Amino acid sequence: MVGMLIYVHGFPQTLIDLPTYQYWIRAALMFFLSSFLIRWFFDFEPSKYLKSNAIEVGILGFVFFDVLFRMIFGWPLIGLLMPDLQATEIAQWRFALSQVLLLFIIFVELGKFSQRLGQFKINPSHLFISSFIVLIGVGTSLLMLPNMTTISGSMPFMDALFTSVSASCVTGLIVVDTATYFTWKGQLVVLALIQLGGLNIISFASFFGAFLKGGIGLKHNLMIRDVMSFDTLDETRSMVKRIFLFTFLLEGAGALFIFMTWDSSVVFSGIPSRILHSVFHSVSAFNNAGFSTYTNGLFEQGVRNSYVMHFGIAGLIFFGGIGVIVLNDLFSPERLRMRMQTPWRRLETSTRLSLYTSLILLVLGAVAFAVLESVNQAQHSDGGFLKMNWFEQTITSIFQSMSTRTAGFNSVDISLLSVPTLLMFMVLMFIGASSGGTGGGIKTSTFAVVFLSALATIRGKKYVQIYRRTISNELINKASSIFLFSVSVIFVGVFALTILEPDISFVQLLFEQISAVATVGLSTGITDDLSFGGRIVIILSMFIGRVGVLTVAVAVSRRVDTNNYKYREAHVMLG
C-alpha cells in the first residue's frame, strides 16, 4: 500500500498506468474494509468495538457508502455531493480522495504501532535518537524520487541527505534552492519532515495511539515522559494532545494571517499557489525551521516589503520557540480560570524564566542590530537599512532578533552584515529558544541558570535563587553540562571545518557551525560551497543540535551502577 503511493507520486506515470494503480489502491481500501468488518463481526462487544475505533469507522464508512452508491445507482458518492463535476473530474477526485484515505489508514497503523512502544526495553535517549534517524532515512529516500525535483533523474544522495537532516532537525541550511529545485511534491515532503521533526515523531505517533482502542499504556507514558521531559504521568497524557492542539491552531491561524498580508507586489500563479506559500511559511516559522519557498528567503524582491507579514511570522517563531508547555501555562482555560479565582498564584517558575529571558534577548538583539547596522551602512555608504522608515526599521530589527535566535529566516542579506553584527548573531544563536520549544541552542533557561549560578558565585551566595525559589544543584549541574558540551561540539566542528575548508574565512565557518549546532539555519552563503567532508561535519552538528548534546552524551555513555559511596573531599585551585 505504501509502496503503491510512493510509486504513483514518486515516478513519472503514463495515462495507461494510472487506471491500474487506481484499481490497486481501491483494492487496498476494500481489503481494509473487509478485514475491519471481520474483526467487528467476531468481537465479543461489537458496539464497544465501533466506539473505540471511531477513526477507522469514519474512513471505511465513507468507502463502504461510495461502493454501495456505485453498485445501486451506477454513480459514486462524490458525484452526488458535487453534481457539477464532469465524469473525468469525478474520477480524479475519487483517486485523490482514495489516496488521502489510505494516508489516514497509515497514520492509524502508526498509532497502533506506538501502543507497543512500551513493550520494547529501550533507553528513552536511544529511542529519541533512533526516531530521528528513521525520519531522516525516510526523508532522504523520498527526496531522491524523480518526481520530487525539477532536474532530470534523481537528487544526489548527499544533497538529499543534507536536506533531509536540515528539515528533520528544523535547521534550514540548504545546499539546493528549495524554491526552484523541488517540485510542489518535493516541497510537501520537506514540509512534512519539518512538521514531524518539529513536533517530535515519538509524540506524533503517540497522538494517534491515544485515540485508538486501549490508548497508550503505562510503560509508553513513562517513556514519553522521559523523552519529552514532562514532570508527571498526568501531564504526559494531557500534554501530548495539547501539543497538537496548540500547534495546529497556531499554524492554521498563522497561515491565514500570512495569506492575507502578502505585499501587493508579490505575484502568485493562483489561489492554490498562495495557499501553499502561506502554509509552508507558517509551518516553517512555528517549527523554527527557516525553510522558505523563495530563493532569497524573505529577502526576496517584493517579499521583503511584506512587513506586516514579517511581524506575523515573528509571532509564530516566538510562540514556537517558547514551547507548548509555556503556552499551556499562559493560555490554557484551566490555568486562566485558576489565576482568576486565586490571583495570588503566578505563572510557573520555568514559564516566567523562559518568557522573561526570551523578551529581554529579543529587545537587546533588536536594539543591537539596529545600532550596529546603522553604523555599518553609514560607514560603507550602503544605506539600505537607513533608507527604511522607523516602522520598517523596527519590524526588521525585531524580526532579525527573533529569527536569529531560533528560526533562521532572513529579511536582510546576511552576507553583507558587519563582523560585529555576525558576532552578536552567534551569541543569540548559541542561546537559542526555550526548553520545550521547537528551536535549538542551549535554551534560554539553561543560559539563565548558568548566568545566575555565576552571579551567585561572584556575590558569595550559597544558593542560586530566582522568583523566591531555589534552583537545585542537579539543575545547575545539568545546565553547566549542556553549556560545556555545546561549546565542545562547536569547537570540534569548527576545528574540523578549518582543516577541510581552508579557503573559507574563520568567521564564516564559525557562524555556519554555530548555526548548525543551534539548528538556526542562517548562513553567510557558504553552505553550497562546502566539500563532502565539510557537509558531513554540518550534518552531524545539525543532528546533535536537534536531539540535544546531553541526550547524545547520555546515549553513548555508561550509567554508573551505584552512587552510594563518597571519597573524602579534595581541594583544587580554580581561577
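In which helix is the place of L5?

**Figure 1. L5 in helix α1 of the predicted model.** The model shown in these views is predicted. L5 lies in helix α1, which covers residues 2-10. With a relative accessible area of 10%, L5 falls under the 20% limit and is therefore buried. Apart from neighbours within four places in sequence, L5 is in contact with I25, Q99, L102, L103 and I106.

**Figure 2. The protein chain as a whole, for orientation.** The protein chain has 25 helices and 2 strands. Of its 575 residues, 49% are buried. Among contacts with a separation of 6 or more, 70% are between residues 24 or more positions apart.

Figure 3. T140 is found in helix α7, which is formed by residues 124-143. Its relative accessibility is 4%, so T140 counts as buried. When neighbours within four places in sequence are left aside, T140 is in contact with F157, A160, L161 and S164.

**Figure 4. The packing of helices α8 and α10.** Two packed helices are described by the angle between their axes and by the distance between those axes. The axes of helix α8 (residues 157-168) and helix α10 (residues 184-199) come within 7 Å and cross at roughly 40°. This angle makes α8 oblique to α10. Helix α8 contributes T163, S164, A167 and S168 to the contact, while helix α10 contributes V190, L193, I194 and G197. By class, the contact of α8 with α10 contains 4 nonpolar residues, 4 polar residues and no charged residues.

**Figure 5. The buried residues of helix α16.** Helix α16 consists of residues 324-331. Because 6 of its 8 residues are buried, α16 is largely enclosed by the rest of the structure. The buried residues of α16 are V324, V326, L327, N328, D329 and L330.

**Figure 6. The packing of helices α22 and α23.** Helix α22 comprises residues 473-500, and helix α23 comprises residues 506-517. The two helices pack at an angle of about 135°, and their axes are 9 Å apart. They are therefore oblique to each other. The crossing in which α22 passes α23 is right-handed. On α22, the contact is made by V489, I490, G493, V494, L497 and T498, and on α23 by F506, L509, L510, Q513, I514 and V517. The contact of α22 with α23 has 9 nonpolar residues, 3 polar residues and no charged residues.

**Figure 7. Helix α23 and its surroundings.** From its first C-alpha to its last, the 12-residue helix α23 reaches 16 Å, close to the 16 Å expected at 1.5 Å a residue. Why is α23 described as largely enclosed by the rest of the structure? The reason is that 9 of its 12 residues are buried. These buried residues are L509, L510, F511, E512, Q513, I514, S515, A516 and V517. What covers them includes α20 (419-431), α22 and α24 (532-547). Just after α23, T519 takes a positive phi of about 50°.

Key. Residues are numbered from 1 along each chain as its sequence is written. This is a predicted model: local features need pLDDT of at least 70, side-chain atom pairs count only at pLDDT 80 or more; totals for chains, interfaces and linings use all residues. Side-chain values use heavy atoms; hydrogens and water are left out. Axes are lines fitted to C-alpha atoms, for helices over the stretch in contact, and angles run from 0 to 180 degrees between N-to-C directions. Helices (H or I, at least four residues) and strands (E, at least two) are DSSP runs, numbered from the N terminus. Angles under 35 degrees count as roughly parallel, over 145 as roughly antiparallel, 65 to 115 as roughly perpendicular and the rest as oblique. A crossing is left-handed if the near helix is turned anticlockwise from the far one by less than a right angle, and right-handed if clockwise. Contact means heavy atoms within 4.5 Å. Ala, Val, Leu, Ile, Met, Phe, Trp, Tyr, Cys and Pro count as nonpolar, Asp, Glu, Lys and Arg as charged, and the others, Gly among them, as polar. The expected span of a helix is 1.5 Å times one less than its number of residues. Buried means under 20% relative accessible area, exposed over 50%, partly exposed in between (1.4 Å probe, protein chains only).
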